[in-house]
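The entries follow in the order in which I went through them.

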Amino acid sequence: MAHPVLWKGTTFFYPIGNTSAVCLTQDLCPSEKADVLLLGCGDPRHILYTVYTNSTGLQASRKLDFTCCDIESAVIARNIILFTLLADEGAVQKVPQIWNIFFHFYLDRASHDLLISQCRKLVELSSDLDSWHNGPYGHFLRMCTGDTLAELRRLWQLYVKTTTFSPSKAKGFKSTYAAGIKASKAKFDLACTSSRAAGPLSMYALEMAGDHYNIYWETGICSAVPKRPAEVSHPNPTLAYSLAGDKIAIHYGTDPLSCFHLAEALAPAVGSTHHPEQVTLTDVVNVCKMQFSRWCTSVSKVLRSQGPPSSPLIVRCFVGDALSLCQAFGYYNSTRSASTSFPVAPWKHACIAFDPDAYGTGTQSPAPTTFNIIDTSNLLDHIGILNILVVTSPILQRTPSATLYTEGLYDGSPKDTFPQQLCGDIATIGLLLGLIPVSFISQFTNRSGMHEDLMQIVKEHATQNHERLAWKLLSGADKDVTDLDSPIDIAPEQLAGALFNVYLDMFYYQNMARSMTMMKRTSSSVIFSDIHYHRRSFAEILGVVQRRVITDSWAPTMSMLHDKISGDRTLGMGRNFYLDLCCQLHILGLFTADFLTLPKVQEVHRLSRSIVLQNWKTLPQTVCVVLIVPRDRLEPLLPALDQAGRVVLQCEVKGAATLQTFSCISTVFGTVKISGKGDGKTAAIEEDATGRHGTSPLVVWFWVPSAVLMNGSHHTVTLSVLSNPATCFSLVRTRKLGPDLALFSADMGDEQFMHILRQRPDAAPESLEKKNMQIGGRVMKTSGACTFVTLDKECKKPLTFTTRVDIVEPEMKAFLASGASPTVNQVSMHSIAIVLGDKSLQLPFPLPVDAKNVKLRIARKSLYIEVILPLKLALGGTDLMDMFPVIPQGGDLALWNMHRTNLDQCVPFSIANKKALSWIDLHIILMFSERETRIPRGLTTGSTCWQS
């Protein structure tokens, strides 16, 4: 896994989204098919709204294919209930009941009966993939894997089972449900986060947002009346089960109003002159219900307009980890194998095996495995932005319109904190990984942040800003670029320096001096809650970089990077992870340290007196260590681990005078069956479906260099908690664990708890897993035209681009030989033209350049021109050409930094009452850039848009 293993303590269930619905196709061409990947998809509001906005105009013929991924199976189970209800006859008339089923904690009899009836139908249809796909919903609702369908069926069965409880069990269920809802409600005074959904009118929604939150959590229904009707008494079973088990784990911020566009209720409608201050909570709730009805009606119409075998709308479902799914898609694109070695999710042993009918090589209409839209919700807050960029960049389609969306909460200004999260300069990381935020290039955003500013004013301790970013491929803004991968060249010493800087920023928490400085500005719990990376994460970043740079420079780059890391002393604990890093670099085929080369390993093995490896005939360069943690040793620690916050697990191999830490581990609760001996030993794991709530031991396995085990000394293997101030305070000072934060240790030779294998558990005898791991998806160009990047002295920021142009046309050769000097013109933000007489050569670059400060090196005899250009990443002056690039794409036009809006689906509002539109003044003022605010007032006329 590319993310550290976290202890599964307190888990929140997010059944309802906490941001307003967006149109997911807004950056695509009108006629372009939408292959959309939703990672951390949450509820289907974005899909509903996207279908609605695409139901008229040029977009009406667009085919929509959504692949939805969420690690919370209850989210997917609820979504499928909604979609299947909308596909049934009479769906439009049932929308009020569907609203209740989806948003309410408690249901009336009619809504509850509809829910249970639908779940019974879904259980009957989901015995296996064939049954599902041949059923009435299979033509538009597809399951990516058999494991996904089995997990969803389990939940639907649980929902139905609540109707068969005995009277005493039903009473207990209802009592526990009510207590869970009450305990989940936020304890702070003003819960007004749903006011964000009002956008520029959020100042009028603050009080109503707080009122609705309290009513919703106290009554269990979305209403303006603080009392629940007596007939609404049935607990909603779809909210009772989640990853947390059969206890209520609904996130305390849940509020249905957050999903909708509250501005429709607050702005004066056509024919009305009311002021936003006159709007009531009843008006707001009714508008939300009307929007939901409009969206659902559009979806129902699409689903019922065309039945099997094809559908203009397809929704594919996957229950599991977002990072694993992306890696599995990349693996499939390289091998065309539906069976992969990537685990379904953390704490799961099964690997992703796609449905061969949808992802097989002989499939007539294969499911998409590359996408022109990838939406990652707020996953960057949970798994780290670099992990997201690394796994999504290979599966993003190479078109100008292809877009990756990220969103997250930033402490303070995103402009200041985002580079910290990105672990480097935005331009440098963009060049290394091939993706760049559009607003960074354009120097503007088309999304208002006014509501975020208001939130800071209203809430005294509010420091977080919500920011949604669109990322696109480098060079995609230039219409003449044909290779959107934009391979680069860079001097090995500078590339090594840049990667070393990323390495230091990724593991900043291991730099005690830096951590102490940061703790003076914020709490340790905030600092150490952002631990999203281990050495495997860094190695996978290198894998993407390797495919973007000229291969000739890779070997010396890695050699210099290795020397920098091995000699580093700024990361106090960094040396303890040295072997972990070397192991992961070798497994991914990126670099093999000298001690890991096969001749060295074989020589050491020949001379070794290692007891644990004495029966091995041949020794591989890396081996898999399996540690079995008995349940009775772990059980007493569970409460403390649950309450310790964000607990990162790792393993340590201790020798007589050595200690090495391995952070890339796999974990699962289950039992291990061992077969064979020596280098022929294999292990099979039977996973305990009840997980941490069962009785099985915890099984941990990880890769280590075999040389670690051949020094003849006594070794122990320990499962421990990553040390940081937050966990130390919680686990050590409360005397739950010792200073080393060890959970369990075993001697290397104790086969009751420890095993050393040639392959991971359940791998085939001649498994190609390591070779499979080396496949990173898209293969980049390593020759031909390429931009040379020069960084600053600290190797942190790019300074110039250099490219060489060979002159081959006779007229150009003659012009150059005559001694005349070429001229350089700026063609667009990303490109220039070298003019030689009547001819010109256009040269694109990965990022915006400044042609005014170009330097030319002309070789008149050898007939080539070397062009050196500085970057220009700021607007200003009079050369604001091509600020809004329009790129030809497949007979259509792609807008690079502006999204499309279907005005036919936008609700108009009245401008008759100017007092009711006073909010526009502030909206426009906050729209101005720093340059625009400096324009003297005398140069502008009018104060608002309706006065012009």
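Does Arg468 count as buried or exposed? I looked up its relative accessibility in this predicted model, and at 7% Arg468 counts as buried.

Next I looked for its partner and found that Arg468 forms a salt bridge with Asp375, with 2.7 Å between the closest N and O atoms. Because Arg468 lies in strand β12 (residues 464–473) and Asp375 in strand β9 (residues 373–375), I note that the pair ties together parts that are 93 residues apart in sequence. Asp375 counts as buried too, its relative accessibility being 4%. I also recorded that a network of salt bridges links Asp375, Glu407 and Arg468.

I then turned to Asp88, which forms a salt bridge with Lys121, the closest N and O atoms lying 3.2 Å apart. Asp88 is in the loop between α2 (73–87) and α3 (95–103), whereas Lys121 belongs to helix α4 (residues 109–125), so this pair ties together parts that are 33 residues apart in sequence. Here I noted that Asp88 is buried, with a relative accessible area of 13%, while Lys121, at 30% relative accessibility, counts as partly exposed.

A further entry concerns Glu866, for which I found a salt bridge with Arg857 and a separation of 2.7 Å between the closest N and O atoms. Arg857 counts as exposed, since its relative accessibility of 52% lies over the 50% cut-off.

Finally, I asked how many salt bridges a search of the whole structure finds. The search returned 22 salt bridges.

Definitions and conventions
Residues are numbered from 1 along each chain as its sequence is written. This is a predicted model: local features need pLDDT of at least 70, side-chain atom pairs count only at pLDDT 80 or more; totals for chains, interfaces and linings use all residues. Side-chain values use heavy atoms; hydrogens and water are left out. A salt bridge is a side-chain nitrogen of Lys or Arg within 4 Å of a carboxyl oxygen of Asp or Glu. Helices (H or I, at least four residues) and strands (E, at least two) are DSSP runs, numbered from the N terminus. Buried means under 20% relative accessible area, exposed over 50%, partly exposed in between (1.4 Å probe, protein chains only).
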